[in-house]
Amino acid sequence: MPAPSTARLYADHLATLQARAATALERAGFDHLVIPSGTQHFQVFDDRDYPYAVNPQFKGWVPLTRNPGSWLVITPGHRPRLIYLQPRDYWHVVPEAPSGYWVEHFDIVVIRKPEEAQQHLPRNAAKCAILGESQSALGHYGAYRPNNPQTVVDHLDYHRAFKTPYEIAMLRAANRRAVRAHAAAERAFRAGASEFGIHLAYCQAAGQDANELPYGNIVALNEHAAVLHYTELGRRAPDPLRSFLIDAGAAHAGYAADITRTYAADTGSEFQAMIDAVERAQRAMCDQVRAGADYRQLHLDAHLALAGVLRDFGVLRISPEEALETGVSAVFFPHGLGHGIGLQVHDVAGFAATETGGTIPKPTGHPYLRLTRSLAPGMVVTIEPGVYFIDMLLEDLRDAGKGDAVDWDRIAAFRPYGGIRIEDDMVCTDDAPENLTRDAWAELDAA
């Protein structure tokens, strides 16, 4: 049986969004859901605008990511309305008329000036749940000012964790684009390019510039891989060239991919062997993305697995269990195992207890975990374990009197490589998980 078309998937996706919106509005006592796409912001004391970022609540309904000044109106029982700003402007490229698989589902009104949107919004702003940033306020005295009612936001965000088949298809496409770019980045690294050169090769292969990517590329050579969010992009390649960590994604129809890989310049080195060991552990972690699994436990299990790798390579002198209990494992793995992903790289409601609010706490001693929910079919999460040799954390370990837990000579041997992180995007299903990232890589290798 052929796969459903994008148009069919989108129609079902829209029906799901309308049902969620209707429930949220009824519970909160509103008649309409109103969503501005967002506005452009100008730098203070300057006439340059910041890169525009679309309201995630907006792009979940329509695959429009470069259309500031537009609005959506969702009223239960009625066709949704898109108020589409298409200005008369000879200074900039004007957005094309709406087209594609989604337009037939909307009543579309084209406006030429942002303020004209008010003519097509519901008459009584007080009956509207308006989701967006405060700068999107419109009308006399800002009558249509986003109010972001918590009841509505809690309900919509909680259910956004459960991706529709359409959304998963968009995430597959984003992974395909990102994997193609990752392959180009590795080729650039092997050819001796600088961090900046690798970044440019990545953007070229992805077909997206830095402002179109879902987040700033992390392109780290040698010791720079020990900086978790390294974004400096050095203009010269170090000599010698030892290692390469790249954490970079791509976007498709408003949905994000988030992928990390680590490479050794010498594929016969001990560092390459450590990369291979972390990858084996990461693959086992990916297989744990199963319905009913508590993501907090997956995170703690990851600490044990990575501590095992460090012990096998002579870095740790204590057992994995003791390393986790005493906090030593967090010196080498200081971030969370992963997070939800979708319309945003770090998707919303990672700690949501229920659709009506509340939070699920993080495990004690693990402040940077971004997801504490139990997994269920439709959830899409990242699995990104890492092992790093970070000077500041190693100094803290020594100062805390725990220096005997590690072999400092082994740390000195691995420190010039910075660290290792490997990350895939995973779909939780009713059965075995779907690995969007490795499936995309398999497609590329088979092409």
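Q: Which residue stands opposite isoleucine 35 in strand 2?
A: Isoleucine 35 stands opposite leucine 72 in strand 2, where strands are DSSP runs of E with at least two residues and helices are runs of H or I with at least four residues, both numbered from the N terminus. This is a predicted model, in which local features need pLDDT of at least 70 and side-chain atom pairs count only at pLDDT 80 or more, while totals for chains, interfaces and linings use all residues. Residues are numbered from 1 along each chain as its sequence is written, and side-chain values use heavy atoms, with hydrogens and water left out.

Q: Which way do the side chains of strand 2 point?
A: In a regular strand the side chains alternate between the two faces of the sheet. In strand 2 (residues 71–74), Trp71 and Val73 point one way and Leu72 and Ile74 the other way, and all are buried.

Q: Why is histidine 182 called buried?
A: Buried means under 20% relative accessible area, exposed means over 50%, and partly exposed lies in between, with a 1.4 Å probe and protein chains only. Histidine 182 has a relative accessible area of 0%, and therefore counts as buried. This residue is placed in helix 4 and, leaving aside residues up to four places away in sequence, touches Tyr202, Ile246, Ala248, Ile259, Thr260, Arg261 and Trp441, contact being heavy atoms within 4.5 Å.

Q: Why is the pair of tyrosine 10 and tyrosine 166 called edge-to-face?
A: Rings of Phe, Tyr and Trp (its six-membered ring) pair if their centres lie within 6.5 Å, and planes under 30 degrees apart count as stacked, over 60 as edge-to-face and the rest as tilted. The structure holds 13 aromatic pairs; for tyrosine 10 and tyrosine 166 the values are 5.4 Å centre to centre and 75° between the planes, so the pair is edge-to-face. The pair links distant parts of the chain, with tyrosine 10 in helix 1 (residues 6–28) and tyrosine 166 in helix 4 (residues 165–190), 156 residues apart. Both tyrosine 10 and tyrosine 166 are buried.

Q: How do you know that cysteine 428 is in no disulfide?
A: A disulfide is a pair of cysteine sulfur atoms within 2.5 Å, and the structure holds 0 disulfides. For cysteine 428 the nearest cysteine sulfur, that of cysteine 286, is 13 Å away, so cysteine 428 is in no disulfide. With a relative accessible area of 2%, cysteine 428 is buried.

Q: What makes strand 6 and strand 8 edge strands?
A: The open sheet of 3 strands has the order 6-7-8, with antiparallel pairing, and its edge strands, strand 6 (218–221) and strand 8 (255–264), each pair on one side only. Strand 7 (residues 243–252) pairs with strand 8 over 10 bridges in the antiparallel sense.

How values were computed. Two strands pair if DSSP finds at least two bridges between them.
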